[in-house]
Amino acid sequence: MQVVISPTKEDATELAAKIIADRIRNFPDSTLGLATGVTMERLYDVLVRMHKQEGLDFSLVRTFNLDEYIGLLPENKHSYRYYMNERLFKRINIDIRNTFLPNGMAQDLKLECQKYEKKIKDVGGIDLQLLGIGKAGHIGFNEPLSALRSRTRDKSLTPVTIAQNSPLFDKPEDMPKRALTMGIGTILEAKQLLMLVTGRSKAEILSKAVEGPITSMISASAIQLHEHCVVVVDEDAAECLQGKDYYHWIFQNEPEWEKYR
Ligand code: GLP
């Protein structure tokens with residue numbers, strides 16, 4: 001795992017966007033795994049800017065999102081489908097038919113999850129999976145006690161996640177208490193993982209995920225098992241990290257990272 005510490009959340013976000021843009025420029029028909037949350041809002045703004053100003057071309061890109069709330073229509077502004085359409089898909093030249101999220105309105109949720117897994121397999125898997133981290137230590141909505149080999153399925157959300165996400169709803173009590181989410185096993189099958197974490201409020205959970213034992217109680221710790229995983233953080237989020245070998249964006253200049261400057 002490579003951890004890159006950038007001075008500010010803006011620098012960290014730019015770097016994460018450059019890693020994604022690099023992938024798209026080298027492999028225009030890439031399959032991206034996407035994430036939601038406040039952290040990703042900034043990232044999608046940068047990708048939109050790159051599309052508008054640098055001609056970053058999404059026309060052949062395919063996307064699969066990590067998760068979706070159960071019971072929200074795509075038109076509901078709190079659904080992740082709505083979030084993705086408004087924050088990214090409508091603002092770039094992606095073919096909307098190539099964008100996928102689990103359908104949280106499906107009659108048969110189990111079947112929907114199996115179909116989602118099959119769709120990912122049918123296109124040859126995810127090339128680059130973007131990840132945030134929830135305060136509960138989740139990736140996607142893999143709440144504590146998610147099996148490390150889990151597949152896409154429905155999960156009940158824990159009080160920590162409800163406390164984190166419900167203020168984003170007009171009426172906090174309307175936040176669904178269940179969601180469909182790719183499993184940890186699904187996520188680990190992506191060819192590359194890119195985690196973006198910013199802010200002091202994530203510092204403790206980030207250090208547990210990156211430096212603590214691998215445990216189903218903190219699903220993000222499973223990224224330690226992946227052989228090609230980059231974790232991009234700002235200094236606030238890095239505050240509790242103990243490791244001495246992380247790459248500090250402002251102090252070092254290794255060729256591997258130089259190309260992103
Ligand atoms: C939601 C998503 C996660 C995301 C998390 C972090 O819970 N299901 O995939 O990592 O939000 O969100 P934020 O960036 O708002 O802290």
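Biologist: Which residue has a polar backbone atom 3.3 Å from an oxygen atom of the ligand?

Modeller: Happy to start there, with a predicted model in which local features need pLDDT of at least 70, side-chain atom pairs count only at pLDDT 80 or more, and totals for chains, interfaces and linings use all residues. Residues are numbered from 1 along each chain as its sequence is written, and side-chain values use heavy atoms, without hydrogens or water. A polar contact here is a pair of N or O atoms within 3.5 Å. The residue that places a polar backbone atom 3.3 Å from a ligand oxygen is Ile-133.

Biologist: Which side chain has an N or O atom 3.2 Å from an oxygen atom of the ligand?

Modeller: Gly-140 uses a backbone N or O atom, 3.3 Å from a ligand nitrogen. The side chain with an N or O atom 3.2 Å from a ligand oxygen belongs to Asn-165.

Biologist: How much of the ligand's area does the protein bury?

Modeller: Accessible areas follow Shrake-Rupley with a 1.4 Å probe. Alone, the ligand exposes 400 Å², and the protein buries 95%.

Biologist: Which helices give two or more residues to the shell around the ligand?

Modeller: Helices are DSSP runs (H or I, at least four residues), and strands are too (E, at least two). The elements giving two or more shell residues are helix 2 (38-54) and helix 5 (159-165).

Methods
Polar contact = N/O pair within 3.5 Å; in protein donor to acceptor, adjacent residues only side chain to side chain.
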